[in-house]
Amino acid sequence: MNYEKTIQNFKDTMKVNLVAEDFNILQNNIDNIMINQSHREHTAGTNYIVGGYDFFNRSINLYNEVSTTTIYHELFHASSSYYDRQKEVVFSGFHHHSKEKDIGRGLNEGYTELLTSRYFGNDTDSGYKNETHYANLVEGLIGKEQMQSFYLKSDLDSLISELSKYNSVEAVMQFIDDLDKFIVIEELRKDKIDNFENIPYAEYLAWFDEVNEYIGKTYMQLNQFIIDSYINKLYNDPNFEEKKNQLMTMMSAPLTFFNKEYVFDMNSQFGTSSRTI
Ligand SMILES: [Zn+2]
């Protein structure tokens with residue numbers, strides 16, 4: 001398959017939707033990018049990976065049949081990634097990782113998915129629906145142009161300091177960490193399912209119980225962060241009530257994790273929120 005048209009369409013669409021400075025970053029990062037397609041046998045733990053971006057070889061690798069939306073998702077990763085050889089850190093949008101640290105993967109996947117659906121249509125197979133939900137709420141705090149710009153510049157630090165205007169730095173870091181854990185848990189779950197025969201059933205069930213409880217708590221924490229931040233941001237806004245209601249509508253949609261639905265009583269969570277900084 002020839003991907004030139006897809007890449008051209010990606011550039012044409014983004015050119016009219018980004019400020020020049022950000023578009024130049026995107027264009028430079030995907031200049032001469034390689035897209036490879038290969039067949040991958042179904043093996044435990046890897047069957048759900050549909051594509052990836054190789055930072056070191058600047059190539060997008062697609063496994064088996066993928067939708068065009070997946071290619072756009074990977075093109076966003078490629079557009080926002082670079083490898084700092086001196087520091088030995090991969091900067092990929094809001095995801096920064098090296099041997100010592102790994103931060104921002106959840107928020108990065110969520111935002112990548114948000115941009116993909118905004119400009120190139122919904123990916124019905126997206127594995128990052130919850131991360132996308134929170135990335136969208138974060139963008140509401142930061143503003144679309146600024147958040148897109150931080151993403152393309154891989155500028156996690158500016159994102160953190162911008163969010164710290166409405167919450168403590170500790171709370172911001174906790175929020176980013178909680179979203180990262182979602183991805184780790186999702187991967188562990190796939191491992192458990194793939195190794196189902198090798199795990200005693202009671203142990204298997206106990207793991208899921210424990211994780212469900214953890215996820216329930218994490219959702220409360222993520223929602224509290226969002227609510228507190230919005231309240232701090234909108235505190236003096238003349239349209240506070242209207243904006244608060246919009247936020248509540250956005251947040252009241254049930255979220256699904258491991259096929260279990262989590263619904264929160266937004267009214268009671270709003271009740272506990274107060275202006276903190
Ligand atoms: Zn991705």
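Colleague: Let's begin with the open sheet: in what order do its three strands come?

Modeller: The order is E1-E3-E2, with mixed pairing. Strands here are DSSP runs of E with at least two residues, helices are runs of H or I with at least four, and both are numbered from the N terminus. Two strands pair if DSSP finds at least two bridges between them.

Colleague: Which are the edge strands?

Modeller: Strand E1 (34–38) and strand E2 (51–54), as each of them pairs on one side only. Neighbouring strands of this sheet are turned by 20° against each other on average, direction ignored.

Colleague: Before I go on, what kind of model is this?

Modeller: It's a predicted model; local features need pLDDT of at least 70, side-chain atom pairs count only at pLDDT 80 or more, and totals for chains, interfaces and linings use all residues. Residues are numbered from 1 along each chain as its sequence is written.

Colleague: Good. How do E2 and E3 pair?

Modeller: In the antiparallel sense, over four bridges, with E3 covering residues 59–63.

Colleague: Which helix lies across E2 and E3?

Modeller: That's H3, residues 68–79, running at about 20° to E2. Axes are lines fitted to C-alpha atoms, for helices over the stretch in contact (C-beta atoms, placed from the backbone, within 7 Å), and angles run from 0 to 180 degrees between N-to-C directions.

Colleague: What span should H3 have, and how far apart are its ends?

Modeller: At 1.5 Å a residue, its 12 residues should span 16 Å, and the end C-alpha atoms are 16 Å apart, which agrees. The expected span is 1.5 Å times one less than the number of residues.

Colleague: Is H3 mostly covered or mostly exposed?

Modeller: Mostly covered, with nine of its 12 residues buried. Buried means 20 or more other C-beta atoms within 10 Å of the residue's own, exposed means 12 or fewer, and partly exposed is in between, with C-beta atoms placed from the backbone. Among the buried ones are Ile71, Tyr72, Leu75 and Phe76.

Colleague: New topic: what joins E4 to E5?

Modeller: Four bridges join E4 (residues 81–84) to E5 (residues 89–92), and the two run antiparallel. Asp84 stands opposite Val89 in E5.

Colleague: And which residue takes a positive phi in that hairpin?

Modeller: Glu88 does, near 55°, and the hairpin has four residues between the strands. Glu88 is a residue other than glycine. Glu88 is exposed, with 10 other C-beta atoms within 10 Å.

Colleague: How many bridges does E5 make with E6?

Modeller: Three, again antiparallel, with E6 at residues 95–97. Val90 has His97 in E6 as its bridge partner. E5 and E6 form a hairpin with two residues between them, and Gly93 in the turn has a positive phi of about 55°.

Colleague: Then there's Ser154: what is its phi, and where does it sit?

Modeller: Its phi is positive, about 50°, although it is not a glycine. Ser154 is in the loop between helix H6 (144–152) and helix H7 (156–163). Ser154 is buried, with 23 other C-beta atoms within 10 Å.

Colleague: Last one: how many helices and strands does the chain have?

Modeller: It has 11 helices and nine strands. Of its 277 residues, 27% count as buried. Among contacts between residues at least 6 apart in sequence, 63% join residues at least 24 apart.

Methods
Two residues are in contact if their C-beta atoms, placed from the backbone, lie within 7 Å.
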